[in-house]
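Try each task yourself before reading its solution.

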Amino acid sequence: MADSTVPVDSPVPSPATAESEATVVPSKFLFPFILVTSLFALWGFANDVTNPLVKAFKEIFLISNAQSSLVQTAFYGGYATMAIPAALVIRRFSFKTGILLGLGLYAIGALLFIPASMNMQFGLFLVALYVLTFGLAFLETTANPYILSMGPPETATRRLNLAQAFNPIGSLTGMIVASQFILPNLQVADFRQQQVDANPAYQEMLPSEVDGLVTQALEDYSVANPTEHQAVQAHDLGVVRVPYVVIGVVVIAVLLIFAISKMPDTGREHEQISLGKLTMKLATFRYLGGVFAQAFYVGAQIMCWTFIIHYGMTLLGMTAAEAQRHNIAAMIIFLTSRFICTFILKYLRPGLLLGILAIGGMLLTAGAIFVQGYAGIYCLVGVSACMSLMFPTIYGLALDGLNPEDGKLASAGLIFAIVGGALMPRFQGQIIDMNAFNFAGMELESVRVSFVLPLICFVVIAIYGFAMSMTQRPTSTSA
């Protein structure tokens, strides 16, 4: 990054940098920028077509919420496993090499859904997701610093936010596919609805009570009619398989486009440095705090978008497809807010805006916990407006001051931080499996109480954001 002592991404550029600040994406980088930005949508699709599988697998395989949350453990655990190896590969070779490897692993993982569904083994699905996210780790570790390097350092955070604005488009597509093509076509969903229709007394019960009774009926059915239940499982796993096979083919096509395209090598502007020297550069609150904040952000995002389905079904009596439609609304808000907040970054320091958004996330999450009825789920939907800018802003703040070569390895720590999405949902699932809680004389269902976890995450993010808003931009260092 350029030498500077002004606050990070100050809204008022100095005369010396005014010309470069006017260009977020220089014309010579426009085509590769568009091509790399398409990857943001691809991994967004994988993230959000997978979230509903936590609830779907719970009912298909008749497992607990904690067990079904292993979907997220496998998915985001793949990021943690491959982030550092991916960074070493792109540092040794090139950004393009990292992208090609990432797309290849993405396609392999998606196509592994074929044997997993045919064998009807939950563990095989976890392996498929684990391999798939090896590819996503390569893509994210590569694409984020690649985008940062495609233009003036002064506009790097804005450029990354612009690219990241297309991530929700892929996420929204994944949510729509889940809502329209997976969840409504599951026979286990038909069974649940038949149970509700056959028991008029359920209309007088709390949705959480009905959910437990219907789940028990499904377990009884699997014992009394094992052959018929296996047929239901086979059908439903076939439904789950289709979108992954389709995206696997799409990813192979994108891989071929990248293979024949000439991509700029923007990461060889500085000499190589030793890992020890880089470690010394990264031993700062800016970077380490960014990794920490990123882990909590990803955890909050995955918990809110995964368990909104449980929230709607358990507390409001929705079907899985109906609850997923609220997730789609959340993603539309997320996408809209991303573009709006990217514009606001021209006038507010990134750290300050990050802190303000985190406080908003805290308040809305508290609403989801304590507010009854549909207002509670509306609060949960609204959290997405506050989360929209967090990932790229934390990313840009943490890497500010590093040259492209250093950024390749430093980005691995921020991608490794996605492990927050592997660990925290399992804790939330364990809370959901518990009985109701009493708080100040108020009985709160375990689903509500579980959202204390993302609330805590937003507290951590707010601390980091406000701390960064009060610090000066670091000076760039050469290798």
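Predicted model: local features only at pLDDT ≥ 70, side-chain atom pairs only at ≥ 80, totals over all residues.

Residues are numbered from 1 along each chain as its sequence is written, and side-chain values use heavy atoms, with hydrogens and water left out.

**Exercise 1.** Find the salt bridges of the structure and place their partners.

Step 1. Start with the rule: a salt bridge is a side-chain nitrogen of Lys or Arg within 4 Å of a carboxyl oxygen of Asp or Glu. The structure holds two of them.

Step 2. Glu 59 and Arg 192 form a salt bridge with an N to O distance of 3.0 Å. This pair links distant parts of the chain, 133 residues apart: Glu 59 belongs to helix α3 (residues 53–61) and Arg 192 to helix α11 (residues 187–198). Helices here are DSSP runs of H or I with at least four residues, numbered from the N terminus.

Step 3. Glu 59 and Arg 192 are both buried, where buried means under 20% relative accessible area with a 1.4 Å probe, protein chains only.

Step 4. Glu 445 bridges to Arg 448, with the closest N and O atoms 3.0 Å apart. Arg 448 counts as buried because its relative accessibility is 2%.

**Exercise 2.** Classify the ring pairs Phe 113 with Tyr 244 and Tyr 297 with Phe 391.

Step 1. Rings of Phe, Tyr and Trp (its six-membered ring) pair if their centres lie within 6.5 Å; planes under 30 degrees apart are stacked, over 60 edge-to-face, and the rest tilted. The count by this rule comes to 23 aromatic pairs.

Step 2. Phe 113 and Tyr 244 are stacked, at 3.8 Å centre to centre and 10 degrees between the planes. Phe 113 in helix α7 (residues 113–119) and Tyr 244 in helix α13 are 131 residues apart, and both are buried.

Step 3. Tyr 297 and Phe 391 have ring centres 6.4 Å apart and planes at 55 degrees, so this pair is tilted. Tyr 297 sits in helix α15 (residues 285–316) and Phe 391 in helix α19 (residues 390–399), 94 residues apart.

Step 4. Phe 113 and Tyr 244 also belong to one aromatic cluster with Phe 57, Phe 61, Phe 122 and Phe 125.

**Exercise 3.** Which residues does Gly 299 touch, not counting residues up to four places away in sequence?

Step 1. Gly 299 lies in helix α15 and counts as buried because its relative accessibility is 0%.

Step 2. The residues touched by Gly 299 are Gly 420, Gly 421 and Met 424.

Step 3. For a C-alpha check, take Gly 299 and Pro 454: they are 155 residues apart along the chain, with their C-alpha atoms separated by 7.1 Å.

Notes: Helix = DSSP H or I, 4+ residues; strand = E, 2+ residues; numbered from the N terminus. Buried < 20%, exposed > 50% of the residue type's maximum accessible area, 1.4 Å probe, protein only. Contact = heavy atoms within 4.5 Å.
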